[in-house]
Amino acid sequence: MNAEAALLAPFVTKKQLVGTAFVHLDGCLHATFSTKDFASALELVNRIGEAAEALNHHPDVRLGYGAVSLVLTSHDAGGVTARDVELAARVQQIADALGAEARPAHPTRYDIAIDCTDADAVRPFWRVGLGYTEVTGDDGVELVDPRGLAPKVWFQHMEIARTERNRIHVDVYVPSDDAEDRVAAVLEVGGALLSDEHAPDWWVLVDVEGNELCVCTAAF
């Protein structure tokens, strides 16, 4: 594999991104910058576009009044590579030169997990009801929003059906640096820790009625 196309884990990019606004989560680098008005935000986007063209590597950009948000990823490699880190550094240089200020980046991803004994039997119900499409992912056949907006739905196989608790729970993915703070905040508002057996990969938390939330981090 080309060195530029080799996937980089968050613990690697964390050091490389020091001094930039970018945070690594879920195979992407995320950043948001504030500017004084729409014209200055547009100028920032135009300058980033020029740099992206020069590097032949292009970010997803969201432009608003006094705000620019970016997501960098190498689609051909399926995650973050050296190309993204290089572009992130260049974007930061441009933002600094134009006086754009970094906003705190707290990217988050939400998944919905459904416990079941026969995923093939229940999946069509959720696919049609949600208007989703099927893809093959890390957890077998999953359902995704074709617009790329709503949470992914995945199916957790149970040998014996669980009847003593809710069989649907939410997974929230946060950057590794934010995970323990998120867990602590949930506990502070009345949640309880059900299991930290797999921490720091994920913690299982419950609300006062026993509904589960998993706070997760991601390897890439």
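Before I start: helices (H or I, at least four residues) and strands (E, at least two) are DSSP runs, numbered from the N terminus.

I'm working with a predicted model, where local features need pLDDT of at least 70, side-chain atom pairs count only at pLDDT 80 or more, and totals for chains, interfaces and linings use all residues. Residues are numbered from 1 along each chain as its sequence is written, and side-chain values use heavy atoms, with hydrogens and water left out.

**Entry: Ile 160.** I found Ile 160 in the loop between β9 (152–157) and β10 (168–173). Its relative accessible area is 69%, so I noted Ile 160 as exposed (exposed is over 50%, buried under 20%, partly exposed in between, with a 1.4 Å probe and protein chains only). I also looked up Asp 115: it sits 45 residues from Ile 160 in sequence, and the two are 10.0 Å apart in space, C-alpha to C-alpha.

**Entry: the annotated span.** An unreviewed UniProt entry puts "domain: Glyoxalase-like" on residues 112–216. UniProt positions are given in the numbering used here, feature names are shortened, and annotations may be inferred rather than shown by experiment. I got 24% helix and 39% strand for residues 112–216, with the end C-alpha atoms 13 Å apart.

Entry: I spotted a cis peptide bond between Ala 199 and Pro 200, with omega about 10°. Pro 200 is in the loop between β11 (192–195) and β12 (202–206).

Asn 56 isn't a glycine, yet I read a positive phi of about 55° for it. I placed Asn 56 in the loop between α2 (38–55) and β3 (60–64).
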